[in-house]
Amino acid sequence: MKNLNGLTAVITGSGRGLGAAMAMMLADDGCKIVLCARNQSALNDIASQIEQRTGLRPDQIVVDLADNTSIGRAIAQITEKYSTIDLLINNGAMWLEASDEPHSEQEVFGTINAAVTGSFLFTQGILPLLKRSARPDIVTIGSISALPNAPLHSVAVPFYAAKHAQTAIATGLQQMLRGTPVRSLCVHPPYLDDISPADAEWDTIPERTKGERATNRDVCEAVMFAITRPRHITLSSITIDTDEGGLFG
């Protein structure tokens with residue numbers, strides 16, 4: 001179960017940050033990566049980094065999860081090239097910070113549509129390819145903001161609501177896919193230090209002590225743990241908490 005070599009992984013929001021880190025880590029472990037994000041330049045940069053690390057250049061799909069037309073086009077591109085997808089990581093979401101000023105309609109619609117409507121439509125479109133895999137997984141990257149009674153901290157209410165809805169989708173998918181080979185897993189990160197596998201600091205992260213912030217690597221390793229469990233086990237919800245940047249910190 002721990003051998004990921006040759007598996008095809010589609011990762012949304014993989015042009016930077018956590019999504020890019022997951023793409024690199026999975027590529028290092030032998031996965032064929034399909035990078036998905038809004039910005040072509042960012043995708044090119046991550047694809048080049050992965051190519052330097054592994055010798056293989058990932059496919060790149062430009063998709064705006066807040067735009068239905070863009071989602072449909074991305075699904076068509078993936079379906080045309082791939083007959084099977086083994087792993088879908090729904091990481092794409094728009095961050096919206098709390099503000100004393102009213103949020104624009106574009107900010108509110110974009111935040112909710114990307115995390116909720118867009119993520120569901122994208123998943124629904126990829127689902128037939130996942131069902132052809134021998135070990136298919138859907139991983140939703142939620143947030144501690146999505147947990148019951150979680151404090152707002154510095155997030156805006158639309159982001160808070162979107163993450164709650166995204167968690168409901170992950171739970172609903174688990175129920176909908178009962179009796180099929182597809183698992184629906186969800187990981188809830190705290191506030192993170194943005195560190196890449198390409199950074200020297202990546203290797204020192206295990207030396208952090210209690211009270212220090214979590215990093216991209218901590219989330220990536222939680223995802224890796226979840227997808228490498230025996231198939232009869234579904235880690236439907238993993239909460240990563242820290243004293244600094246966590247639920248109560």
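Which residue lies over the face of F225, and at what distance from the ring centre?

**View 1. A charge over a ring: R229 and F225.** The residue is R229, and it lies 3.9 Å from the ring centre of F225. A charge is taken to sit over a ring if NZ of Lys or CZ of Arg is within 6 Å of the ring centre and within 35 degrees of the ring normal. A word on what you are looking at: this is a predicted model, where local features need pLDDT of at least 70, side-chain atom pairs count only at pLDDT 80 or more, and totals for chains, interfaces and linings use all residues. Residues are numbered from 1 along each chain as its sequence is written, and side-chain values use heavy atoms, with hydrogens and water left out.

**View 2. An aromatic cluster of W95, F159 and Y191.** Searching the whole structure turns up two aromatic pairs. Rings of Phe, Tyr and Trp (its six-membered ring) pair if their centres lie within 6.5 Å; planes under 30 degrees apart count as stacked, over 60 as edge-to-face and the rest as tilted. W95 and F159 are edge-to-face, at 5.1 Å centre to centre with 65 degrees between the planes. Because W95 lies in the loop between β4 and α4 and F159 in helix α5, this pair ties together parts that are 64 residues apart in sequence. The rings of W95 and Y191 have centres 6.3 Å apart and planes at 80 degrees, so this pair is edge-to-face. Y191 lies in the loop between β6 and β7 (192-193), so its pair with W95 ties together parts that are 96 residues apart in sequence. Buried means under 20% relative accessible area, exposed over 50%, and partly exposed in between (1.4 Å probe, protein chains only). F159 is buried at 7%, W95 is partly exposed at 46%, and Y191 is partly exposed at 23%.

**View 3. Helix α5 and its packing partners.** Helices (H or I, at least four residues) and strands (E, at least two) are DSSP runs, numbered from the N terminus. Helix α5 has 20 residues (residues 157-176), and at 1.5 Å a residue it should span 28 Å; its end C-alpha atoms are 28 Å apart, which agrees. The expected span is 1.5 Å times one less than the number of residues. Among the buried residues of α5 are P158, F159, Y160 and L173. The buried residues of this helix pack against β4 (87-90), α4 (105-130), β5 (137-141) and β6 (183-188).

View 4. Contact means heavy atoms within 4.5 Å. Leaving aside neighbours within four places in sequence, the contacts of I33 include A9, I11, L26 and P58.

**View 5. Positive phi at N149 and H153.** N149 has a phi near 60 degrees, a positive value in a residue other than glycine. H153, also not glycine, has a positive phi near 55 degrees. N149 is in the loop between β5 and α5, and H153 is placed in the loop between β5 and α5. N149 is exposed at 76% relative accessibility, whereas H153 is partly exposed at 35%.
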